[in-house]
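Have a look at the fold before reading on. We'll go through it piece by piece.

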Amino acid sequence: MSEKNLKQTVEERASAVLDPIVAGEGLELVDLEFVREREGWVLRLFIDKPGGRVGLDECSQVSRAVDPMLDVEDFIPHEYSLEVSSPGVDRPLKKPGHFERVVGQRVKVKTFGPLGEPPRKNFAGKLAGVAGDGISVEVEGAGTFHILFKDIAKANLEFEF
């Protein structure tokens with residue numbers, strides 16, 4: 001299995017198995033990644049809670065909750081480290097609910113292919129709204145772009161200093 005396929009398979013399975021466990025702890029699994037770093041493979045979970053402000057206690061709580069299930073399910077074919085973290089100030093936006101919580105704030109969105117006139121793949125600006133099928137981003141000097149959820153490759157909150 002190629003490294004790319006391994007990553008995708010582990011991430012999909014981990015998300016399906018761990019999302020309900022994290023939800024059972026009163027938290028949200030915002031994102032996860034399975035990456036190879038210099039020290040080895042890492043399964044990294046990003047969690048959030050209503051009102052934000054995830055701390056060390058919540059990270060430890062989730063780590064203790066998911067670790068036994070990872071051992072039981074045993075779908076990761078080699079050694080890895082488990083890390084649990086908050087999504088940070090530039091938090092990823094993946095689900096419609098993530099976007100709805102940050103309407104009016106600055107976001108960065110990258111699409112799979114070029115959109116709009118002139119065609120572009122990168123959009124940075126104020127999140128103007130969320131509709132059933134996508135979002136609207138106001139890009140300064142370029143207007144408002146409607147981007148379908150299915151066209152979004154990556155999106156995150158853009159921290160303003």
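What follows is a walk through sheets, aromatic pairs, loops and pockets.

First, some housekeeping: this is a predicted model, where local features need pLDDT of at least 70 and side-chain atom pairs count only at pLDDT 80 or more, while totals for chains, interfaces and linings use all residues. Residues are numbered from 1 along each chain as its sequence is written, and side-chain values use heavy atoms, with hydrogens and water left out.

Let's start with the open sheet of 3 strands, which runs in the order β1-β2-β3 with mixed pairing. Strands here are DSSP runs of E with at least two residues, helices are runs of H or I with at least four, and both are numbered from the N terminus; two strands pair if DSSP finds at least two bridges between them. The edges are β1 (28-37) and β3 (80-85), each with a single partner strand, so one side of each has no neighbour in the sheet. Strand β2 (residues 40-48) pairs with β3 in the parallel sense over 6 bridges, and one spot to look at is arginine 44, whose bridge partner in β3 is glutamate 83.

Aspartate 74 sits in the loop between α2 (56-73) and β3 and has a positive phi of about 50 degrees, although it is not a glycine. Aspartate 74 also counts as exposed, at 59% relative accessibility (exposed is over 50% relative accessible area, buried under 20%, partly exposed in between, with a 1.4 Å probe and protein chains only).

The peptide bond from glutamate 117 to proline 118 is cis, with omega near -10 degrees.

Further along, strand β6 (residues 134-139) and β7 pair in the antiparallel sense over 6 bridges. Isoleucine 135 stands opposite isoleucine 147 in β7. This hairpin has 3 residues between the strands, and glycine 141 takes a positive phi near 80 degrees.

Now for the rings: the structure holds 3 aromatic pairs. Rings of Phe, Tyr and Trp (its six-membered ring) pair if their centres lie within 6.5 Å; planes under 30 degrees apart count as stacked, over 60 as edge-to-face and the rest as tilted. Phenylalanine 34 and tryptophan 41 are stacked, at 4.6 Å centre to centre and 15 degrees between the planes, and both are buried. Phenylalanine 99 and phenylalanine 149 form a tilted pair, at 5.7 Å and 50 degrees. Since phenylalanine 99 lies in helix α3 (residues 96-100) and phenylalanine 149 in the loop between β7 (143-148) and β8 (152-157), the pair ties together parts that are 50 residues apart in sequence. Phenylalanine 99 is buried, with a relative accessible area of 1%.

Finally, where is the largest pocket lined? Its volume is about 420 Å³, and of the 14 lining residues, the closest to its centre are Pro92, Lys94, Ala153, Lys154 and Ala155. (A pocket is an open set of points on a 1 Å grid over the protein atoms alone where a 1.4 Å probe fits, with protein on both sides within 12 Å along at least five of seven lines; lining residues have an atom within 4 Å of a point. Points are joined across faces, edges and corners, and a volume is the space filled by probe spheres set on them.) The largest share of this lining, 5 residues, comes from β8.
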